[in-house]
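Subject: Handing over a structure, with notes on what was found

Dear colleague,

Please look through the sequence and the model before you read on.

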Amino acid sequence: MSKPSPGLSWPWSGQLPSAPEPWPLALAVALVGLLALAPLAALGLVASQGQALAGLQLGDQGLAPLANTLTLVLGVGCAGGLIGTCNGWLTARCQFPGRRWLRLAQLLPLATPSYLLAGTLIDLGSRSGYRIGGLGWAIAVLGLGTYSYVVLLSSEAFSRTGARQQEVCRSLAVGPWGSFLRVALPLALPAVAAGMALGAMEVVNDFGAVQLLGVPTLSAAILERWQGEGDLPGAVALALVTLVLVALLLWSERQGRRRSRLWAAGQEGASPELWPLQGWRCWLAQLVTLAPPLASLGIPLVWAWTSWNQLPAQPAGDLVALGLRSLALALGATGLTLVAALVLSIGKRLVKANGVQLLADGAGLGYAIPGTVLALGFLLLGGGWGLAPLLLLVWGYVDRFLAVAKGGLDTALEGLAPSVDEAAQSLGCDWVGLVRRIQLPLLRGPLLVAGLLVFVDTVKELPLTFALRPFDFDTLAVRVYQYASDERLGAALVPALVIQVLGLLAASALMPSLDQELPDRTDQPKAAQSTVS
Amino acid sequence: MGHAEETSIGVYSGRHYNSDQKLYKQFSAKTGIQVKLLEAKDDSLIERLRQEGKNTPADVLVLVDAARLERAASLDLLQPARSAALLRTVPLSLRDSKGRWVGLTRRVRVVLVNPALVKAAPIRTYGDLANPALKGKLCLRDRKSVYNQSLVASQILIRGDAQASRWVKGMTSNVTQPYFSSDIPLIRALGSGQCGVGLVNTYYLARLLNGESGPADRALARKLQVVFPKPAHVNISGAGITRYAKNPQAALKLIEFLASPVGGKGYAEANHEYPLKGYGDDAILKGMGRFQADGLSAEQLGSRNRDAVKLMEANGWL
């Protein structure tokens, strides 16, 4: 905290090359990490009461659930990565009419529960005599539900990184495509990968949509083991094995990228200049960015249009109460999740001890477990200690969405050259100063995006809320599911639309400050530089 | 606080029909006992109750499906209730022999036929669905449906393992279309002629016949013919007092109210279900005709649920 005097007085003279480990930070990481891993440990305990892992089978369908899950992960990853990167680039770096609105709208698909989308699609299909189901549809529905992660993370990265490089591209007459493929994309690749990883984890934990669409996946096999066959330890063991597979996948992806790391030396000194799009390019950009939000909003609306008579009158007071509960829970959970994720991400960067690195990486894994199984872990913790259900629920949210918040923060820090930290330390900045004066300002954009994603995810979260909430404490998502699972779609639709509205409100509150983030601060340097080129 | 505790009870319910709440309000008005409600998935509720142990705030557990009630009882989550009223109102086959739970409503899994494609007359029992003549015409919901699981459990009890296996195998080889994940799309597929015959719960059909999903669905449902197999498989929703209920007397009062003709009627009519005895006042249900129940107790069904799932899995029921 203490500023060094302008002279040559180091706080730790002689230790410059390696600053001491910031142990309060290490302690905080340990605390957050252990809290995050506690439910997984409780699950491990349950699994150990069952048969040996060697006895694990996936049932008579053999490897089909595994193959289906992998196909889904691959399909959703490719589709989400492609559309997400494309829309992230278009909304962050190109100029066309309606861009700001369309940027906000990219969040809509994330705010639409995928089981509801699947349910409405199946229902619409079955009225017109068409069967909707199978892997293809599952990829489409889940891809739509998860591509927003890639859009938001990549568009943030596109606006943050490489603005100057792009000006160089322009001066060298490299066109928009060249600048996208050769400069912007490689720089934003970690963010794209983080978004795809979140999508993949969500695919692994999804149960509702794939079940409705008739695709037997690992999560379905896990739940059948528990609820159909009554083999709880076996189910939990299978969930933990899945978790290890996901962890390996994520780890190998990170290793693969390690060789091609690109660093930026701090904040770019230029505002991102937008590529103006004209003519058919403009139309195409509008079409591509409009299609996914239109689908996720349009399918339920088409359903409502064709079934106007089935929309039951819902007491407004009830909806307001549901909405307020959802809002309060989501705000609380988002704040806590951001703090926890910051501690982990910054701790990972500043504390080199192996244990801390491992904790920081492992803490987000809860996201890859089916929510129903994770809820069980929390019931084990809470039941024994008599914890208040609400406390348990918020803890659950933070645990589940830690990965979502951490994804953006980690990639942003990953893109910051280590030399920046070293420079700061050599100038006598202790770790608190480094965090406060360099890292936090740089993480503003990623924090906004993380907050938005966690908020929307919490509002629509179902399995934990369903299993852990206290008496008389329904939320919007709970109500949607209760009706939808009872095949009363009309009644499910109204609370689902309120979820979308909450998502849009959050997006319109946070996204504009993402847009203004750079120009505000860097108008002058940019003017100076443009004279250079 | 102590005062409030005396006059309120906690209910964990696996039923989620908003209309149930009206009934709880009615109960509160009548007795002065407040009902705190938590609706969630049956299996999660069982697990929650198990983990909460003595700390549980729940006094009453309401579950859908016989097997789940039986599971809750076998995990020692419910306590026996002594009640002359319950003995009177709940038939023997619809309650636990040790008094730990009682049934509250009944639903029947029936054969639904599109008469334009399949003749209903030759179908008399569930066994007839294995007839190779129905190949390509039979449509089924997947095996995750507890209603299908309980149906198979009933056939294991009636026919024995070997014959039940042959039956399931015969049926699954008649199925050429992907399995459905819910009942209503299956009923629509029957109505539109994609399928000729299927298995559904009575209340889903009743909802469509009642026009709850629009006139098109009503018209389509009217084309279909209900066949009550002889004997018919009856499943229940039911309730019991939790092992560590803070207020077991008040809990018993609620269960007695729900099982009484007045309360039971409300619970059943909310979702087009049959009351514990007779056919109720629901005109649509009455229009479907009468059935002869197989008389198997929910307790027996529950005890064979796990075997049923394994048998379905082994014989190709996806």
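A crossing of two helices is called right-handed if the near helix is turned clockwise from the far one by less than a right angle, and left-handed if the turn is anticlockwise. With that in hand, H8(B) can be said to pass H9(B) in a right-handed crossing. Please keep in mind throughout that this is a predicted model.

To stay with that pair for a moment, helix H8 of chain B covers residues 183-191 and helix H9 of chain B covers residues 202-209, and the two pack at an angle of about 65° with their axes 10 Å apart. On the side of H8(B) the residues that meet the partner helix are B:Asp183, B:Ile184 and B:Ile187, while H9(B) brings B:Tyr204, B:Leu205 and B:Leu208. Sorted by class, the residues of this contact are 5 nonpolar and 1 charged, with no polar residue.

Chain B as a whole is assigned two domains, of which domain 1 is made up of 2-106 + 235-281 and domain 2 of 108-232 + 290-314. Their C-alpha centres lie 28 Å apart, and the contact between them draws 19 residues from domain 1 of chain B and 20 residues from domain 2 of chain B. On the side of domain 1 that touches domain 2, at least two residues each come from helix H4 (66-74), strand E5 (102-113) and strand E9 (233-242) of chain B, and H4(B) gives the most, with 5 residues. That side of domain 1 divides into 7 nonpolar, 6 polar and 6 charged residues.

Turning to chain A, you will find 21 helices and 2 strands. Of its 533 residues, 52% count as buried, and among the contacts in chain A with a separation of 6 or more, 87% are between residues 24 or more positions apart.

One helix pair in chain A deserves a description of its own. The axes of helix H15 (residues 389-414) and helix H18 (residues 444-460) of chain A come within 9 Å and cross at roughly 155°; since angles over 145 degrees count as roughly antiparallel, H15(A) is therefore roughly antiparallel to H18(A). The crossing of H15(A) and H18(A) is right-handed. Among the residues of H15(A) that take part are A:Tyr397, A:Phe401 and A:Leu409, and among those of H18(A) are A:Pro446, A:Leu453 and A:Asp457. By class, this contact has 11 nonpolar, 2 polar and 1 charged residues.

Another helix of chain A, H9(A), is mostly covered, with 11 of its 11 residues buried, and these include A:Glu224, A:Arg225 and A:Trp226. H9(A) is followed by A:Gly230, whose phi is positive, near 70°.

Finally, there is the contact between the two chains, which takes 37 residues from chain A and 41 residues from chain B. The elements of chain A that give two or more residues to its side are helix H4 (114-127), helix H8 (208-212), helix H9 (218-228), helix H14 (371-385) and helix H19 (463-468). The most come from H14(A), with 6 residues, and the side of chain A that touches chain B divides into 10 nonpolar, 17 polar and 10 charged residues.

With best wishes

Note on methods. Residues numbered from 1 in each chain as written. Chains lettered and ligands numbered in written order. Predicted model: local features only at pLDDT ≥ 70, side-chain atom pairs only at ≥ 80, totals over all residues. Contact = placed C-beta atoms within 7 Å. Helix = DSSP H or I, 4+ residues; strand = E, 2+ residues; numbered from the N terminus. Nonpolar A, V, L, I, M, F, W, Y, C, P; charged D, E, K, R; others polar. Buried ≥ 20, exposed ≤ 12 C-beta atoms within 10 Å, placed from the backbone. Axes fitted to C-alpha atoms, helices over the stretch in contact; angles between N-to-C directions. Parallel < 35°, antiparallel > 145°, perpendicular 65-115°, else oblique. Domains from an automatic or database assignment.
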